Amino acid sequence: MKKYRAVQALAAVVPLAALALGAPAASASPSRGFSHRFLHACAAPAPGHAACGAILNELVGPDGKPVKTTTVSGYGPANLQAAYNLPSSTAGSGQTVAIVDAYSDPSAASDLSTYRSHFGLPTCSYGASATSCLRIVNQNGGTSLPRSNGGWAQEESLDLDMVSAVCPNCHIILVEASSSALTNLGAAVNEAAKLGATEISNSYGGSESSSDTKYDTTYYDHPGIAVTASTGDSGYGVEYPAASPYVTAAGGTTLNDSNGTYSETAWSGAGSGCSAYDPQPSWQSSVSNISSVCGNRAVADVSADANPNTGVAVYDSTRYQGLSGWLVFGGTSVASPVIASTYALAGGEPAGYSGAAYAYANASHLHDVTSGSTGSCGTDLCNAGTGWDGPTGLGSPNGTGAF
């Protein structure tokens, strides 16, 4: 387990606010008679489709019903910025982070405004103009949005809030695919690139298939644009599009805060492993931890907080699974927009590099996460250790030097 103290100006860390009846944000045992349960925002996907990865950390009362609270809990912007030593207050201008998800979040703009106002972030104007801070379009770039879906709405709120938390000076494009089909989500990725995104975050995943190598070049190969994807939340095993060699696969950690000193271990739910179909990119073949256990594309590449027990604060007013308002979420759905936004703070994908190649060439600028596991495979594919490992990749951000 790596420990490190935040040293930047924003290291005035906001402590995790207490949940109802004094229970900290899922990082300690709740009060007597109360418990936590974790609810996936999206159901398991059908073949050819993807599921969003947001995981709700819900406080449950003695009667087994969710506890409604207006208390804001979970990590906020100051925590993430301090933990990862990010220049969030001074960088990011001129960058546009695109969020790609399925279906529509009908209150996305107003919910984002609530989040940013609560945490004292700059106002993000919503409009159709290319100069607007927030734009929302369908997978074809139009303003006729798909039908709403409560689970994907939670995912969209999570993604928008994480971009705001890490890169408050960035512009944001939310591209809503018509459905969770990988072809529609891929079309939305292409539209994001067409609209001028400098980074594209994909907090979703589905089973690998023989179609993946075709989808790689059809949807995820965008030179000059940093594309990130969540590795999944079911532990050891590989999802797509995280397996694509054209994306940076974002794995997951447990991020603990002890009075401003942060430490991370691999989160047991983070997806990791060796792809069944996608070839190994050149920037992985020289890494002995990878080449000794995997002949194809290995995931993850880098990582960030994902454990719902150390989750992040999110505001979503679309009622779903019995709750709305201030919520706490985890999942590698947190990590993908965090990593995409870190690329934005660094000024976008470095020229001449593709996928996660730059991170592999600059791994010394990452926090190496060396303990924890996502399964019992017995190798670096599921066990965190020194250098690259499946659950956390090369590590988590320590500034922007690896991006």
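This report describes a sheet, a helix pair and a pocket in a predicted model.

The model is predicted, so local features need pLDDT of at least 70 and side-chain atom pairs count only at pLDDT 80 or more, while totals for chains, interfaces and linings use all residues. Residues are numbered from 1 along each chain as its sequence is written, and side-chain values use heavy atoms, with hydrogens and water left out.

**Confidence**

The chain has a mean pLDDT of 92, and 92% of its residues reach 70 or more; pLDDT is the predictor's confidence in each residue, from 0 to 100. Over residues 5-29 pLDDT stays under 50, and the model has 61 contacts beyond four places in sequence for them. A contact means heavy atoms within 4.5 Å. Where pLDDT is low, the predicted coordinates should not be read in detail.

**Sheet**

Four strands form an open sheet in the order β2-β4-β18-β17, with antiparallel pairing. Because β2 (35-40) and β17 (312-320) stand at the edges with a single partner strand each, one side of each has no neighbour in the sheet. From one strand to the next the twist averages 45°. β2 pairs with β4 (residues 55-60) in the antiparallel sense over 6 bridges, and S35 stands opposite V60 in β4. Strands pair if DSSP finds at least two bridges between them. Helices (H or I, at least four residues) and strands (E, at least two) are DSSP runs, numbered from the N terminus.

**Helices**

Helix α3 (residues 150-166) lies across β17 and β18 (323-330), at about 150° to β17. The axes of α4 (residues 182-194) and α5 (residues 212-220) come within 8 Å and cross at roughly 30°. Axes are lines fitted to C-alpha atoms, for helices over the stretch in contact, and angles run from 0 to 180 degrees between N-to-C directions. From α4, residues including L182, G186 and V189 meet Y215, T218, Y219 and Y220 in α5.

**Residue classes**

**Pocket**

The largest pocket is lined by 25 residues, and G205, G232, D233, S234 and E239 lie nearest its centre. On a 1 Å grid over the protein atoms alone, where a 1.4 Å probe fits, a pocket is an open set with protein on both sides within 12 Å along at least five of seven lines, and lining residues have an atom within 4 Å of a point. β9 gives the most to the lining, with 4 residues.
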